[in-house]
Structure formats: C-alpha cells, structure tokens
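Biologist: I have not looked at this structure before. Please take me through it one question at a time.

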Amino acid sequence: MRTAAIIVAAGRGSRAGLGEIPKQYQMVGGKTVLRRSIETFLDSGLADLLVPVIGPDDAGQYANSAPQDPRLAAPIAGAPTRQGSVRNGLAALADSNPDRVLIHDAARPFAGADLITRVVRALDGADAVIPVLPVASTLKAVTDGTVTATVPRDGLFAAETPQGFRYALIRDAHERAAAAGKEFTDDAAVAEWASIPVRTVAGDPANIKLTTADDIAAADRRLTMEAALKIGDVRVGVGYDVHAFGPGNEVMLGGVAVPHTRGLIGHSDADVVLHALTDAVLGAIGEGDIGAHFPPSDQRWKGAASEVFLAEAAARVRARGGVIAHLDVSYIGEGPKVGPHREAMRAKIAAIAGIGVDRVGVQATTNEGLGFIGRSEGAAAHAVATVRLPFSA
Ligand code: MG
C-alpha cells in the first residue's frame, strides 16, 4: 500500500461553544463536518485507505458521517489527547504498513484535492511535509492586557493539515514521544522533536479550521447558499385533468382508494389528482405531457396504477439534476369528501414524488352544483408544480 490517511475526529470541541454535539458532528451544508473531511480524501483519489479516529463514545454519532466506500476503514477509538488519538490511528495501520501517511484534522473539511496533491507529491522527496501559510497579521506579545513587544513575523508561518510523513518514521517518532512523556500540538512537532526534517508546501487559505460556533454557522451559510445557487433556476408548471363518473364504488385520488357511490372512468385508474400533478411536473421541465409519455393507445397503461406516471415525471426532474420544491393540487367534484383522506393523499403523493410531505398541498371543492361537475357527470383536478433546476440546464 502506498498512501493511508488518518482523520483525527476524537476531540470534544470544548472551545466551540456548541453544546452537546462536538464540532466534527455539526452539520454544514447538509453534511457533518467529519463526513465532508472524509469525502474530500475519498474524492481526491490520493488515499488508498482512510482511518477515522473517533471518540470512544461517538460510534452512534459517527454512522451518518461515513459514506459507503471500500477505502474507508472502521473507526478507531481515540485517546484523551490529540497526540494519543493519532498514535492509535498509526498503530491501526501496522498491518497495512503504508509507505506514507497523511494526518488530517476532521475540523478542516475544505482541504481540497489540490492541497492534498501538493503534500503527497512533495513526500516523494521528503520524509515529512506540511502545508503552511504566511502569517498576515502583525504579532504582539501581550502580558496583562498590555503589549510588551512586537514579534517580527518574517519567517513565521501557520501550519495546516493534512501533514504527510513516511509511515515508519512518524510511527516510531510518536511511540518514542509517548514513552518520553512529550505532548505536542501537531504531528510535525513530533517529527521535529525526533529530528525528522519537515519540508513545507503552500497551504490553502480556504482550508480553515472550524473552531467556534461562528465558524460552523458561517460555513453552513456559505455551503447552503452555494447549493441553492446551483439549483436556483425555479420553474412552475400547471396541470389539469378531467374524468367522467361511471359505475363503481370507489375512486382513486392521489393514489388513495376513496370509497364513493360511483367510480371514475378512464384508460388507466382514472386518478385525476395524479394525472394533473404529472402534467404539472412535466410542464415545469418542458418535457411534454402525460399523453406524450403514456399514450392511451398503448395497452401497457390500460388499468395502470397512475403512480407510475408521477414517479416517471419526478425521475425526469432528478435526471436533470433538479428537485421538486412543491406540489399543490385541487380536486373539484361533487364528492367524495376529500378531507378525511387528505393526509393519506399528501403522504402518498410525497412518497411517489420522492419529496417531503411538507412539500405537498391537497385541496378540494365542489362546483356549487354548476356545470358538468355540478351535475356529477365528472370530476376535475388542477395542479401546480414548482421545480428547481441547475442553471446550466
Ligand atoms: Mg387523466
């Protein structure tokens, strides 16, 4: 094996002021900080094996931070100190015995493939490599709230992770540092103590360490905004359908069988609600109508459960990289009463479309005895679908 990565995620994040949930398990842009860090390494393609080191009591929380990937090993239990956690991770790699190991803090979810590549490439000619950034601020030595000196910042750099090492060298250095009772704040310091020369590559200012509740909130806002902009092309479609009443003892409305004194007549199951919704979704993405995709002349759709129509329309939205933001439908008929079945219809429509039930509205009205609907010759449905597509579509 060539390259392994250790993701250090055992800290309790006591500085973050985030309450019960450690910062690596906080959500930013719909994913945990830890999951983003893990995915960064998996997506880079530069790590053959990934070992997360987590708090001994965090196995339950870890579950939704672990993407399915054969390169991701089962999590290792950490230690009370960061250095101890890294040592556990290094020990867990003994059997794999990689050439090199990247050690990364889970609280830096924005490392990026370019930065990881710089560290890995530089390891070809070095035993230890860390990414660094020049210190931009003027540095002051302060005692009791008063400046005692201005510290020259020439030659001073801030260290980031991932830090890369020859595996055998850093493992030995960590074991010896532990035996000597030495505690350091990063792995490069362990290497320095063991007289391993540490080379530097350019860090990335975007590779920030999420430390405080404000850091987490700012990252969450930025990622959420980026995601919203990606699929911010809002489309609205309308749909309308009518079916005639005929003999029967129930009608299908929104995929729910509703008892009635008559039935609705049609080529499929005559579910006006799902038919109107299907046309609304297809209209929102400009992909024709229900008749174009499911022609009544096709015997496959004779007596079909209409949920296949709406499911297909929803699949077409997903295929475009979009989402259905909202579905709203009104049933117009002199019975049956929809009220008692409204929640079942909302749940069924949501399940068919693959969206949350809070994104589905169902209304019903009579036609006040007027016209063909008022004479109970048939029933109708109007629907509106709001869809969000990527701007590139
Ligand atoms: Mg129809």
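Biologist: What is the volume of the second largest pocket?

Modeller: The model is a predicted one. The lining of the second largest pocket has at least two residues from S13 and at least two from helix H9 (290–293). The volume of this pocket is about 170 Å³.

Biologist: Which residues lie nearest the centre of that pocket?

Modeller: The second largest pocket has a lining of 13 residues. Those nearest its centre are Ser268, His275, Phe294, Pro296 and Phe309.

Biologist: Which residues are the protein donors of the magnesium ion?

Modeller: The donor atoms lie 2.2 to 2.8 Å from the magnesium ion. Along the sequence, the donor residues follow the spacing D-x1-H-x31-H.

Biologist: Why does valine 234 count as partly exposed?

Modeller: Valine 234 is a residue of strand S13 (residues 233–246). Beyond its neighbours within four places in sequence, valine 234 has contacts with Thr386, Val387 and Arg388. Valine 234 counts as partly exposed because its relative accessibility is 48%.

Biologist: How many residues apart in sequence are valine 234 and phenylalanine 391?

Modeller: In space, the C-alpha atoms of valine 234 and phenylalanine 391 are 9.1 Å apart. In sequence, the separation of these two residues is 157 residues.

Biologist: Which element gives the largest share of the largest nonpolar core?

Modeller: The largest nonpolar core has 40 residues, and Leu253, Val273, Leu277, Ile324, Leu327 and Ile349 have the most contacts inside it. Elements that each supply at least two of its residues include helix H8 (272–284), helix H10 (307–319), strand S17 (323–332) and helix H11 (342–353). The largest share, 9 residues, comes from H8.

Biologist: How many residues are in the second, separate core?

Modeller: Tyr62, Leu72, Ile116 and Leu123 are among the residues of the second, separate core. That core has 22 residues.

Biologist: Where is histidine 260?

Modeller: Histidine 260 has 19% relative accessibility and therefore counts as buried. Its contacts, leaving aside neighbours within four places in sequence, include Phe245, Asn249, Val251 and Pro336. Histidine 260 is in the loop between S15 and strand S16 (263–265).

Biologist: How far apart in space are isoleucine 332 and alanine 219, C-alpha to C-alpha?

Modeller: Isoleucine 332 belongs to strand S17 and, at 11% relative accessibility, counts as buried. Leaving aside neighbours within four places in sequence, isoleucine 332 is in contact with residues including Thr365, Ile373 and His382. Isoleucine 332 and alanine 219 are 113 residues apart in sequence. In space, their C-alpha separation is 47 Å.

Biologist: How far apart do the C-alpha centres of domain 1 and domain 2 lie?

Modeller: Domain 1 takes in 3–229, and domain 2 takes in 231–389. The distance between their C-alpha centres is 51 Å.

Note on methods: Residues are numbered from 1 along each chain as its sequence is written. This is a predicted model: local features need pLDDT of at least 70, side-chain atom pairs count only at pLDDT 80 or more; totals for chains, interfaces and linings use all residues. Side-chain values use heavy atoms; hydrogens and water are left out. Donors are N, O and S atoms within 2.8 Å of the metal (3.2 Å for Na, K and Ca); water is not among the atoms, so sites may look incomplete. Helices (H or I, at least four residues) and strands (E, at least two) are DSSP runs, numbered from the N terminus. Buried means under 20% relative accessible area, exposed over 50%, partly exposed in between (1.4 Å probe, protein chains only). Contact means heavy atoms within 4.5 Å. A nonpolar core is a set of buried Ala, Val, Leu, Ile, Met, Phe, Trp, Tyr and Cys residues joined through side-chain atoms within 4.5 Å. Domain bounds come from an automatic or database domain assignment. On a 1 Å grid over the protein atoms alone, a cavity is a set of points where a 1.4 Å probe fits but cannot get out, and a pocket is an open set with protein on both sides within 12 Å along at least five of seven lines; lining residues have an atom within 4 Å of a point. Grid points are joined across faces, edges and corners, and a volume is the space filled by probe spheres set on the points.
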